[in-house]
Amino acid sequence: MSPVLNKSMESPAPTSSSSSPLPLADWTLPGIGLLKGMAVTATNMIQSYYRKDRMTTVQYPEERAPISPNFRNFPFLVYDGSDAMAGLRCTACLICENECPPKCIYIVLERDENGKSLKRPKVFDIDVSVCMNCGICVEVCPFDSIYMDGEYELSTPDRFDGLLFNKQRLARSTDYHAQLRPLEASEVATRREAEADKKLAAQAAKAAKANLDKQAKEQAAAELPAAAE
Amino acid sequence: MSLSPHTASSASMPELDEDELLHVSLGPQHPSTHGVFRMNVALDGETVVSLKPVFGYLHRNHEKIAEGVTYLSSMPFTDRLDYICPLTNNWAYAQAVEKLAGIEVPERAEYIRIITAELTRLINHTAFVGFFLGDMGAWGSALMYAFREREKILDLFEDLTGARMMSNYMRFGGCRNDLPDGWAARASVLVNEFPRFLDELENLITGNEILIARTQNIGALPKEVLINGGITGPMLRAAGVAYDIRKAEPYGIYDRFKFRIPLGAVGDCYDRLMIRLLELRESLSILRQALDQLPEGAYIHPKAKIRNFKPPVGEAYARIESPKGELGFYLISDGSAQPFRYRIRPPSLINLTLLEDMCLGLDLADVVLILGSVDIVLGEVDR
Amino acid sequence: MTPDLPAILARLRVALPAATLTHLRNPGPSGQDSLLVAPDHLGAVCQFLHDTAELDFDLLSNVTGIDWPEPAQADAVAVPVEGTTPAACGFLEVVYHLYSTALRVGPLVLRARTVDRVNQVHIPSVVAVYRSAELQEREIFDLYGVEFIGHPDLRRILMWDEFLDHPMRKDYVAPDDYQYEPTPHDAVLEKAQQHYTV
């Protein structure tokens with residue numbers, strides 16, 4: 001059974017009919033089409049010596065193509081302050097480890113002698129030979145602690161340990177982040193500041209409220225004996 | 001190798017002596033097979049009497065992997081299906097999950113999706129022309145010109161998604177990030193400059209007598225056979241069937257745009273090539289309209305969940321018109337964070353169903369052309 | 001356009017009174033209900049849907065295999081009418097998504113189920129009606145172990161011929177003796193070491 005075309009929805013542009021919009025579909029003299037094609041290649045070759053838009057090759061490593069600020073390669077960990085290991089924002093919550101599609105992240109939570117969580121990673125490894133640069137760890141991180149790096153010259157002669165990045169290797173300062181992705185970093189910084197301010201304000205409010213409650217209690221306690229009399 | 005082809009068209013082949021046949025294993029490592037794909041071809045002289053495709057060299061059981069990870073974690077894996085067109089793969093998957101969970105997509109996100117999808121179609125079809133010419137023996141020039149233009153679009157993708165090819169960009173309910181400053185303007189410049197390249201490409205190839213001699217009346221099948229074989233996309237339209245999911249079942253906001261569906265008359269390799277060239281023009285027209293109308297607003301639904309996403313129990317099948325054909329995702333949710341079943345309907349694989357029918361009775365050199373005209377990517381065929 | 005499933009079901013009941021057909025409801029927001037077809041009549045149902053001019057389901061777009069170790073899970077996703085007794089044991093299921101290219105209707109979802117997951121895993125092939133099922137049925141045979149009766153060339157397609165198991169089954173255990181690379185988890189390494197020492 002042949003399909004019935006709903007002509008009202010389509011306006012077919014035929015390819016092989018005589019009303020073809022393509023040039024030279026109805027060729028006449030044999031060889032003209034070939035010559036026309038060769039004219040195109042000749043134009044391309046000649047223009048590649050002087051026209052900017054035809055000179056597309058970048059002579060790496062002498063020259064480097066500019067990197068987009070959005071470009072992502074492997075993840076890094078951000079730390080606040082100057083001490084990389086003390087300032088890591090990561091709390092070892094394991095969310096990125098669970099969401100990582102190829103499962104290249106490995107985290108061990110640091111605990112004190114009593115087994116209480118210290119909310120920081122004892123081990124944070126990323127196997128970059130497995131990592132597929134998707135950036136999902138960045139999206140799911142609720143602590144603004146992991147971001148994608150733009151560094152791409154990472155070849156190493158050691159294919160096992162050289163491609164296993166530990167937390168020392170992964171740690172980068174907030175300045176590095178600000179330089180790499182100014183937009184994203186400033187957005188995160190303002191949000192974190194706002195959150196910290198809010199936290200401080202909430203703490204202050206809580207303290208003030210506690211103070212008030214205490215005063216009220218004292219007052220009530222002072223009034224009680226008076227009422228009893 | 002058995003000589004009992006089951007296909008209707010091969011039933012008319014005369015009985016041949018098995019000993020007189022030449023068996024050629026074409027592939028799996030062969031430039032004409034577009035990746036690791038193999039065909040066991042039996043030849044009588046130069047004529048193909050049997051062709052059995054062998055799949056699975058790039059099989060990694062993506063569907064099984066997806067059953068063990070969260071819905072979001074499968075998104076970067078979809079980039080690697082048809083790695084020429086990651087953004088349409090992303091869209092197909094995001095659309096299926098949105099159908100499964102009943103998520104709305106903001107208007108701006110729909111526009112961004114259409115813009116990226118049509119840019120992807122530009123990439124796919126230009127690369128197709130280059131590879132197809134390569135299959136025909138014109139290795140080099142056409143492919144290099146196509147890749148030069150493709151690289152400009154990939155630069156746009158890198159700015160937008162962070163990666164040239166492995167975009168991982170669509171999210172359930174929108175897109176991962178908004179367009180960077182000036183991106184739409186740069187895309188407009190590219191869209192306005194592209195027709196000049198297309199003119200050049202058409203001058204290069206369409207009148208070429210060798211191309212016409214090699215491709216016309218090669219590999220055509222009746223349209224009923226093609227539909228029955230599940231062939232979709234440019235392959236089907238080249239045979240004159242006006243079936244494009246963008247028109248037949250408009251997804252996203254395709255119903256807002258004016259564009260035509262180019263149709264072929266014969267369905268041979270020549271028509272398949274021309275269909276792609278004409279579709280490039282229509283994609284440019286969609287792109288122009290979308291970039292002009294691009295509204296302000298949210299790029300992702302404000303209530304879209306990134307962490308702890310669990311769709312309700314149920315199932316959904318959603319499909320899009322990917323540059324290669326109908327790309328569908330069929331998902332079953334049991335209410336947990338991982339899909340119970342995650343099925344991809346790969347256009348590249350299903351378009352190969354009729355490969356033997358198309359090749360029987362032709363020369364071995366035509367097999368390479370026909371395979372090229374199907375436009376397969378092995379990442380999607382083998383999954 | 002979504003097909004009018006009750007109307008199609010009524011037509012099928014008139015045309016094929018012997019076929020057992022059940023309307024299964026989809027509890028999710030997608031609204032894609034499905035039609036459970038007894039395997040014996042699958043070919044006839046497909047032929048009818050393909051040949052009837054007013055229905056004209058000429059494109060079998062997608063064929064999916066599913067493994068249901070627990071019948072209750074299947075009944076939660078594709079809900080039968082209340083009071084239906086659930087299947088006695090787990091089963092394999094094949095789902096067909098049909099479209100009409102001319103009428104622009106679809107997807108019509110058909111389901112066919114095997115009796116169990118071990119021995120009675122047969123379902124008739126629909127290749128005679130829809131050629132597009134050819135490679136997809138081979139894939140389901142390969143990955144799930146459903147045997148399609150009447151398939152012209154039922155062989156493994158993605159796995160190699162000597163492979164024994166069906167990797168998409170829910171109870172499939174991955175081998176532990178494949179070549180490993182040390183990863184941070186080292187779970188793979190541990191598994192491999194266990195395999196070779198025991």
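Guide: A polar contact here is a pair of N or O atoms within 3.5 Å; within protein, one must be able to donate a hydrogen and the other to accept it, and residues adjacent in sequence count only if both atoms are side-chain atoms. The model is predicted, so local features need pLDDT of at least 70 and side-chain atom pairs pLDDT 80 or more, while totals for chains, interfaces and linings use all residues. Residues are numbered from 1 along each chain as its sequence is written, chains are lettered from A and ligands numbered from 1 in the order in which they are written, and side-chain values use heavy atoms, without hydrogens and water.

Visitor: How is chain B divided?

Guide: Chain B has domain 1 (9-54) and domain 2 (62-382), with bounds from an automatic or database domain assignment.

Visitor: How many residue pairs are in polar contact between domain 1 and domain 2 of chain B?

Guide: The count is five residue pairs, both residues at pLDDT 80 or more.

Visitor: And which side chains meet in a salt bridge?

Guide: Those of B:E356 and B:K52, at 3.4 Å, N to O. A salt bridge is a side-chain nitrogen of Lys or Arg within 4 Å of a carboxyl oxygen of Asp or Glu. The rule finds one across this interface of domain 1 and domain 2 of chain B.

Visitor: What area do domain 1 and domain 2 of chain B bury between them?

Guide: They bury about 1,700 Å², 69% of it on carbon and sulfur atoms. This is the accessible area (1.4 Å probe) that two parts lose on being put together, summed over both.
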